[in-house]
Amino acid sequence: MLQIKNLHASINGKEILKGLDLTVRPGEIHAIMGPNGAGKSTLASVLSGNQAFEVTKGDVSFYGKNLLELSPEDRSREGIFLSFQYPVEIPGVSMVNFMRTAVNEHRKYKNLEPISATDFLRMMREKKELVEMDNKLANRSVNEGFSGGEKKRNEIFQMAMLDPRLSILDETDSGLDIDALRIVANGVNKLKRTDNASIVITHYQRLLDYIIPDFVHVLYDGRIVKSGGKELALELEERGYDWIKQEVDAK
Amino acid sequence: MEQQYIDLYKSNDESIKKHSAPLMNNLRDDAFALFEELGFPTKALEDYKYSDLKEALSIDYGLNINRIPIPVNPYDVFKCDVPGIHSYLYFVVNDGFYPVNDPRNSELPEGVIIGSVKQVAETNPELFKDYFGKLSSAKKDGLLAFNGAFAQDGFFMYVPENVVLDKPVQLVNIMRSDVDFMAVSHNLIILEKGSKAQLLVCDHTVDDVRFLSNRVTEVFVGENATYEHYKLENTHVKTANLSTLLINQSNSSTVLGNVITLHNGITRNTIEIDVDGEHCETKLCGMVIGDKNQQVDNFTSIIHNKPNCNSQELFKYVLDGEAKGGFTGKLYVAKDAQKTAAFQTNRNILLNKTAKMRTKPQLEIYADDVKCSHGATIGQLDETAKFYMQSRGISEAEARLLLMFAFTNDVIENIRIPALQDRIRLLVEKRLRGELSKCEGCIICQ
């Protein structure tokens with residue numbers, strides 16, 4: 001579904017991604033790990049269409065479409081979902097209004113009628129249960145005053161509502177205690193099907209105890225320098241990233 | 001500019017007085033003398049530096065000094081902006097109270113008097129003379145002085161002790177004229193001890209000519225009384241609306257003011273709340289949505305004379321096109337007004353580089369045991385919030401709309417009439433979408 005070839009991207013003239021290649025097929029979970037500053041979050045931002053980053057070279061295709069030519073909203077409507085590392089608070093915009101607008105924009109893109117009020121409420125209720133989200137949160141403004149864990153749950157809730165083909169979880173485990181981590185991971189696992197895929201970006205192996213990846217990639221200095229199975233994550237946990245840096249730098 | 005009005009007064013003062021009430025005329029010559037001295041306010045004055053009235057005042061308007069009846073059926077031209085609101089309904093056409101026998105108004109609680117200021121000055125002088133002009137004549141202001149000289153009528157409301165009005169009172173100002181027209185009116189509102197009332201003032205224009213209105217409203221809120229004043233301005237670009245709202249609060253009274261400008265030409269709202277009692281609650285809110293060449297200046301002052309009172313001010317502007325916004329928040333805390341808690345917020349969003357906003361908090365605090373704060377910001381829409389919404393499939397246009405709508409939300413929440421709150425939400429949304437939000441009854445909008 002997703003093919004990234006030789007992707008170069010920079011911010012404020014500084015090159016962060018330096019020729020990244022990655023292929024994701026339906027049904028797969030890819031973990032992307034790497035030391036701080038390797039470009040993990042940049043990859044997430046570029047895929048979701050954040051204008052702050054400039055793509056200087058390379059191709060990204062998603063189900064045959066040139067992803068880089070699509071607006072952020074069209075990427076979402078095509079089925080890409082980014083779970084933000086730092087979800088944004090939007091005072092004054094209620095979760096309900098926000099989600100209804102988003103769901104209806106997705107439906108419009110597919111030439112479907114707006115969702116009925118009853119169907120929408122039922123959908124909200126079902127998806128809330130998936131991430132054990134408090135009813136009160138749904139009545140509040142988007143992320144406003146949410147705790148770190150609530151924000152991350154809210155991301156997975158939105159993911160459930162929008163039913164993406166490819167979800168990108170950017171450091172979803174950061175700032176989560178063990179219970180919240182379990183809930184978030186459970187949500188992701190329940191949403192997994194053979195026709196969708198996930199890219200899990202994480203610094204630590206911890207999350208991968210709960211979300212079992214099919215592939216683990218190590219991102220270092222803007223490139224994927226090593227790929228393997230889930231055992232690679234364990235090795236990284238044990239040995240850190242230095243040996244990989246040395247391996248790369250030696251070349 | 002002033003000269004034509006000075007000449008007009010000198011040659012017509014007999015007619016002006018003849019068509020008004022003696023008790024109103026008592027103050028008239030003094031007001032005129034003050035106007036002769038001050039003239040119209042210009043931008044050179046500190047209190048008017050955000051209001052450019054020169055062009056609007058240079059038009060050759062007609063005045064209806066001889067009170068020639070205006071042929072109009074207010075029900076025809078006014079289809080309520082706020083359907084679903086159950087209210088007592090009254091009209092001022094141009095600057096005269098327009099009597100209608102609305103069956104709804106027959107349910108007014110006993111003792112409540114609502115009608116023409118001129119008429120009440122004659123029928124109930126005892127109510128009138130202690131209040132009329134008490135707040136307005138004390139001030140040295142050109143627009144107020146002009147009003148004092150030329151206003152012949154206006155809206156009057158009296159709520160007796162402990163009477164609670166079960167429904168809001170709706171006052172609709174209709175501007176109707178075939179030629180460029182100036183309306184000058186003076187309203188008087190009295191709430192006795194322990195009474196409660198909500199007033200909704202709507203401004204409407206019917207004809208496509210230049211209008212200028214100079215309206216003064218004096219409000220006296222008695223001990224333990226609660227008064228809510230809502231103003232919804234939804235006129236057209238050829239209208240200049242110059243209004244002065246003067247409120248006096250007695251002990252333990254509560255006042256909420258909310259002035260909303262959705263569509264206009266030039267607006268100057270001078271609002272002064274004199275907190276002249278202990279344990280008062282005062283809240284003043286406002287919202288402006290402006291584009292094209294619209295100009296809106298809200299000049300507000302809250303004066304704390306007595307201890308143990310709370311006041312809050314919240315004004316929000318969304319400006320686009322070449323709109324100009326101005327806000328002044330004067331806060332005066334007298335030496336004896338200890339334990340005052342006063343908070344002021346003015347936040348503004350400029351949607352482009354050509355819209356302008358000028359804001360001025362002005363705090364004068366002479367008491368030493370107070371809690372006061374103020375904050376003013378001018379900014380753009382939050383880009384990270386916009387991107388967050390886009391990443392969920394919401395189009396950029398819709399995301400902007402949601403953000404602007406959210407921005408105005410806390411002002412809308414300070415509308416305590418549910419039907420009005422719902423309606424204003426809708427009107428604001430339409431306005432932000434660039435659709436006409438004006439009253440269906442306005443000829444201009446059809």
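In the predicted model, helix 11 (residues 418-432) of chain B lies across strand 7 (196-205), strand 9 (226-234), strand 11 (254-263) and strand 13 of chain B, and runs at about 30° to strand 11 of chain B. Helices (H or I, at least four residues) and strands (E, at least two) are DSSP runs numbered from the N terminus; axes are lines fitted to C-alpha atoms, for helices over the stretch in contact, with angles from 0 to 180 degrees between N-to-C directions. Residues are numbered from 1 along each chain as its sequence is written, and chains are lettered from A and ligands numbered from 1 in the order in which they are written. Because the model is predicted, local features need pLDDT of at least 70 and side-chain atom pairs count only at pLDDT 80 or more, whereas totals for chains, interfaces and linings use all residues.

Chain B contains an open sheet of 10 strands in the order 2-1-5-7-9-11-13-15-17-19, with mixed pairing. Strand 2 (96-98) and strand 19 (371-379) of chain B each have a single partner strand, so one side of each is left without a neighbour in the sheet. Neighbouring strands are turned by 10° against each other on average, direction ignored. Helix 10 (residues 396-412) of chain B also packs on this sheet, where it touches strand 13 (281-290), strand 15 (310-319) and strand 17 (341-350) of chain B. Strand 1 (residues 88-93) and strand 2 of chain B pair in the antiparallel sense over 3 bridges, pairing requiring at least two DSSP bridges.

The mean pLDDT (the predictor's confidence in each residue, from 0 to 100) of chain B is 92. Over residues 436-446 of chain B, pLDDT stays under 50. Where pLDDT is low, the predicted coordinates should not be read in detail.

Chain A comprises 9 helices and 12 strands. Its radius of gyration, taken over C-alpha atoms, is 18 Å, close to the 18 Å that the globule rule (2.2 Å times the number of residues to the power 0.38) gives for 251 residues, so chain A is as compact as a globular protein of that length.

At the interface, 19 residues of chain A are in contact (C-beta atoms, placed from the backbone, within 7 Å) with 16 residues of chain B. Helix 2 (72-78), strand 7 (90-94), helix 3 (95-109) and helix 6 (148-162) of chain A each give two or more residues to this side. The predictor gives the complex an ipTM of 0.95 and a pTM of 0.87.

Terms used:
Contact = placed C-beta atoms within 7 Å.
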